[in-house]
Amino acid sequence: MKVYNALTALIRAALWGTDPSEALAVLSEGDWQELLRHAQRQAVVGIAYDGLSESHPGASGNHVKLPMALFAEWTSLVREIEISGSRIRAVCEKQAEVWEKHGIAPYILKGTVCAAYYPKPSHRQMGDIDWCFTDPGEWEKGLEIVRSNGLDIKLDSDGDISYTLAGVVVEHHRKGLPARSDAGLICSLTDHIFHHFSTSGIGLRQLCDLALVIARTDVDKTELLSLLKKEGLKKFYGLVVAFLKEDLGLDVAEDAAVGIPGRDVSRFREIVWKDGNFGLDKAYRFSDMSPRIRICFKYAFFAFFQRWIGLFVGRIKRLRLQ
């Protein structure tokens, strides 16, 4: 676990300004290589890099065995994240102008929003652009605009669409925030984490997002708990918060995390570490669903049931359209 402990120490240092040196001091050169590999799997390369602080090669009083070549590679990866993020933001801004020109007003979800909560937003690795069209008329108009530009549209199991624009994946979603508030954002992020946790897998990046939004907002707890209960995610949110407090250093009094067994937090940790970002590591994806299913049944049974029924029905509909 020393590589995991070191990586989460770097994340805590980046998010909250804590000192990671104790966890880093025990790493060998091979451990550093392993740490960077896992940072890539978890999509937190830029975040962990920000946590290095005075631990990089050549720093005054540095006793950390971070190889110079690895530091150079890490720096290069972060630069790629910055460039990719700039490209995604440019596409996002251009699309916003197009929507406004046509009199529609979808809003942004997920990572593009969460990046603003980071000390260095450009180091939060971006994936795609998620637009929310809750109004059926605006959905159809947005779809018409995309079609008129000759883009190859793909339909997913939720009935949403995706396409590639200037090398950036863009998604249109029908389901938006349960409320246009901080509580609604936290509930939506929890739902997103649960969706991927219960299917392919979830990594540390989305958990960092949630930790920062919780810490940086003065959320109405009554509203939040009401929304979570409506989505069937109240207990699951408590488990996630317990993990955030224990592993990512979230320092906030949160009643929802009280009474969560340590063994369940440990199981959650093991799954997150094994699966990586969205379970995209094919060597591990779907390798063992049983621990994940046990947690889903215990902490979000109805949400789990509804999620898989929805995916099954959506897949049938998609096959009929093909």
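Bear in mind that the model is predicted. Its largest nonpolar core has 79 residues, and helices α11 and α12 pack at an angle of about 80°. The structure holds zero disulfides.

**Nonpolar cores**

- In soluble globular proteins, nonpolar side chains tend to be buried together.
- Take Leu-207 as an example: leaving aside residues up to four places away in sequence, Leu-207 touches Ile-193, Val-240, Phe-243, Leu-244, Leu-248, Phe-268 and Val-272.
- There is also a second, separate core of 19 residues, with Ile-108, Ile-129, Ile-145 and Val-168 among them.

**Helices α11 and α12**

- Helix α11 covers residues 234-247 and helix α12 covers residues 262-275, and their axes lie 10 Å apart.
- Their angle of about 80° makes α11 roughly perpendicular to α12, because angles of 65 to 115 degrees count that way.
- On the α11 side, the contact involves Phe-236, Leu-239, Val-240, Ala-242, Phe-243, Glu-246 and Asp-247.
- These residues meet Asp-264, Val-265, Phe-268 and Arg-269 in α12.
- Sorted by class, this contact has seven nonpolar, four charged and no polar residues.

**Cysteines**

- A disulfide is a covalent bond between the sulfur atoms of two cysteines, and this structure has zero of them.
- Cys-187 has 1% relative accessibility, so Cys-187 counts as buried.
- Cys-208 counts as buried too, because its relative accessibility is 0%.

Key
Residues numbered from 1 in each chain as written. Predicted model: local features only at pLDDT ≥ 70, side-chain atom pairs only at ≥ 80, totals over all residues. Heavy atoms only, no water. Core = buried A, V, L, I, M, F, W, Y, C linked by side-chain atoms within 4.5 Å. Buried < 20%, exposed > 50% of the residue type's maximum accessible area, 1.4 Å probe, protein only. Contact = heavy atoms within 4.5 Å. Axes fitted to C-alpha atoms, helices over the stretch in contact; angles between N-to-C directions. Helix = DSSP H or I, 4+ residues; strand = E, 2+ residues; numbered from the N terminus. Parallel < 35°, antiparallel > 145°, perpendicular 65-115°, else oblique. Nonpolar A, V, L, I, M, F, W, Y, C, P; charged D, E, K, R; others polar. Disulfide = S-S within 2.5 Å.
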